[in-house]
Amino acid sequence: MKAVLAGAAIPGQSLLPPNPPPARGRAARARHRQRRSHIPFSSLFSRIPFKIGQPKKQIVPKTVERDFEREYGKLQQLEDQTKKLQKDMKKSTDADLAMSKSAVKISSDLLSNPLCEQEPAFLEMVTAFDTAMKRMDSFNQEKVNQIQKTVIEPLKKSSSVFPSLNMAVKRREQTLQDYKRLQSKVEKYEEKERTGPVLAKLHQAREELRPVKEDFEAKNKQLLEEMPKFYSSRIDYFKPSFESLVRAQVVYYTEMHKIFGDLTAQIDRPGLSDEQREQENDAKLSELRALSIVADD
C-alpha cells in the first residue's frame, strides 16, 4: 500500500509516524524497523491531524474497515503462499530431472569403462543397469511434464490474478482519500455563516462529493463481497492440481518398482545378505591392499 499512501501525501508532511529518538545498537534499530513495518495502512491516515483536511465525520465505520483489512490480509498471505509453492515445485522438478540425468551419465560412463571390454559378465550387468537408468529417466521426464502442466502452470496462472486484485484495492484507497478530502471541504462550508456565496460553494462541494462517495461505496461493496469468495475458491481451484500431483507420483514410483525389480532379477545374486556382501567386499579390498605396489612404506 506504500504506492497508495505516497499518492495521498501532502507536500512537506510525511504520512509515516515520526521517527523515535536515535536508538543505540543494532538490535534496537532492528526492533524499530519491525514496529514500522507492521503498521496497518489505515492507521497511517488516522495520525493526520484534522487541520490538514481530515473530515470530522466517520467516512468508513471502524468495523467495516477492520473487515476489509482482515479479508485483504488473508489474500495477501494467499498470494505469498501461492508464489512460494510454485517456486518450491519448480525446485523439486528441477532436482528430479538432475537426479535421473546424473544416473544416466553414471551408467554411460560405466559402459565406456575398459573393464566392460574384458569382462562379458560385467558388461551384461552394466548394460542392464544402463537400460534401467534410461527407462527411469524417460518416466521421470513424463512425470515432470505432467507436474509442470497440471500443477506449476495452474499455480502460475493463479498468481497472475493478484496484481489485478491489488490494483482494485489501490483504486479503492485512492477514491477513499478523494472522498475524505471532499467531505472535509463540505464540512468546512457547513460550519461557515450561511451567506449567498457560502451556500453556493456548499452546493458545489456537495455536488463534487456525491459521485465520489457513490464510487467509493460501490468499490468498497464489491471488494467486501468478492474478496471472501476469491479466498474460499482457493481449495476448489488447487484440489485438481494436488490430485494430479499424487497420480503422477504414483505412476512414476509404480514404474520404478517394476524397473528396479527387473534389474535386480538380472544382476542380483540371491541368497546373499547385505552383511555378507559387505564382508565379501572387505575381503577383496584386503587382497588389494596386500599387493606390494600398494603396501605402505
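How many salt bridges does a search of the whole structure find? I ran that search and got 20 salt bridges. A reminder to myself: this is a predicted model.

Entry: I looked up E65 and found R172 as a salt-bridge partner, with 3.2 Å between the closest N and O atoms. This pair joins distant parts of the chain, as E65 belongs to helix α4 (residues 62-111) and R172 to helix α7 (residues 162-190), 107 residues apart. Like R172, E173 is buried.

**Entry: K221 and E225.** Next I turned to helix α8 (residues 196-232), where K221 and E225 lie four residues apart, so about one helical turn separates them. Their side chains meet in a salt bridge, 2.7 Å from N to O. Is E225 buried or partly exposed? I noted a relative accessible area of 39%, so E225 counts as partly exposed. I also noted a network: D67, R70, E71 and K74 are joined by salt bridges that share partners.

**Entry: a charged patch.** Which residues form a negative surface patch? I found D274, E275, E278 and D282 there. Taking D274 from that group, I placed this residue in helix α10 (residues 274-289). D274 has a relative accessible area of 65%, so I logged D274 as exposed.

Methods
Residues numbered from 1 in each chain as written. Predicted model: local features only at pLDDT ≥ 70, side-chain atom pairs only at ≥ 80, totals over all residues. Heavy atoms only, no water. Patch = residues over 30% accessible without salt bridge, like charges linked within 9 Å, V, L, I, M, F, W, Y side chains within 5 Å. Areas by Shrake-Rupley, 256 points an atom, 1.4 Å probe, with all protein chains shown as cover. Salt bridge = Lys/Arg side-chain N within 4 Å of Asp/Glu carboxyl O. Lys, Arg positive; Asp, Glu negative; His and termini not counted. Charge placed at Lys NZ, Arg CZ, Asp CG, Glu CD. Helix = DSSP H or I, 4+ residues; strand = E, 2+ residues; numbered from the N terminus. Buried < 20%, exposed > 50% of the residue type's maximum accessible area, 1.4 Å probe, protein only.
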